[in-house]
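User: I'm new to this one. Could you take a close look at a single part for me and walk me through what surrounds it?

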Amino acid sequence: AKQALRGQAAFHVSHRVQHADGRWVWIETYGNVTQRDAAGRATRMTGTHANITERKQLERALTNTLRVMHALLETLPLPVVIRDADRRVTLVNDAWEKMLGVPRADIIGRRLDEVSNRVRTSSHHETDEELFARKCSLRYQATIESVHGEAIDVLIAKTPLLAEDGAVTGIASVLTDITDQHRAAAALERARQSAESAMHAKSRF
């Protein structure tokens with residue numbers, strides 16, 4: 001308001017006032033000087049007031065929801081990565097950092113394939129394109145190479161983030177490490193083959 005009085009700009013302010021019934025409401029005010037005297041002093045101001053209490057309540061509820069979701073993501077044992085429509089990472093959780101060995105500061109705002117010593121994932125681009133085209137969730141197995149060169153077998157669940165008009169605004173991916181299951185299955189298969197070989201050898205005698 002002081003800037004408007006000095007002729008620099010219109011003013012816009014949000015503030016709380018007490019209603020006649022005793023409750024507190026949020027008011028958004030826009031205004032400007034519409035008349036000045038010969039010395040340039042403001043003699044009249046015109047503006048509007050709007051009750052934005054409901055909007056403020058919705059904003060607060062959304063902020064609280066996002067805070068809770070962020071806390072849940074951080075405590076989730078499964079690695080999670082969220083990317084925008086340009087495939088740039090907007091969020092990873094602690095489990096993702098630990099699995100891949102990439103600090104979030106090195107990946108936020110960048111694409112997965114833009115990071116030096118980058119994480120390498122099989123079927124990465126193909127499944128992204130399929131998700132954007134079909135706008136439905138995908139589940140598939142892949143092998144991820146961490147920045148330390150470790151190969152990790154994972155089950156990836158990708159879900160499109162959709163706007164009200166149906167446009168894909170991003171991708172949320174959850175990774176499940178299935179390396180131990182694959183190793184156990186491979187060991188069982190080797191044991192089965194060894195047993196069959198022993199049985200065939202015994203039958204020849």
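Analyst: Helices (H or I, at least four residues) and strands (E, at least two) are DSSP runs, numbered from the N terminus. Residues are numbered from 1 along each chain as its sequence is written. This is a predicted model, where local features need pLDDT of at least 70, side-chain atom pairs count only at pLDDT 80 or more, and totals for chains, interfaces and linings use all residues; side-chain values use heavy atoms, with hydrogens and water left out.

Let's start with Ser173, which sits in strand S9 (residues 168-177). Buried means under 20% relative accessible area, exposed over 50%, and partly exposed in between (1.4 Å probe, protein chains only). Ser173 has a relative accessible area of 3%, so it counts as buried. Contact means heavy atoms within 4.5 Å. Setting aside neighbours within four places in sequence, Ser173 is in contact with Pro79, Val80, Val81, Arg83, Ile156, Ala157 and Lys158.

Pro79 and Val80 turn up again around Asn93: leaving out residues up to four places away in sequence, Asn93 touches Leu73, Glu74, Leu76, Leu78, Pro79, Val80 and Arg104. You'll find Asn93 in the loop between strand S5 (89-92) and helix H3 (94-100). Asn93 is buried too, because its relative accessible area is 0%. Its side chain reaches the backbone nitrogen of Val80 at 2.9 Å. That's a polar contact, meaning a pair of N or O atoms within 3.5 Å; within protein, one must be able to donate a hydrogen and the other to accept it, and residues adjacent in sequence count only if both atoms are side-chain atoms.
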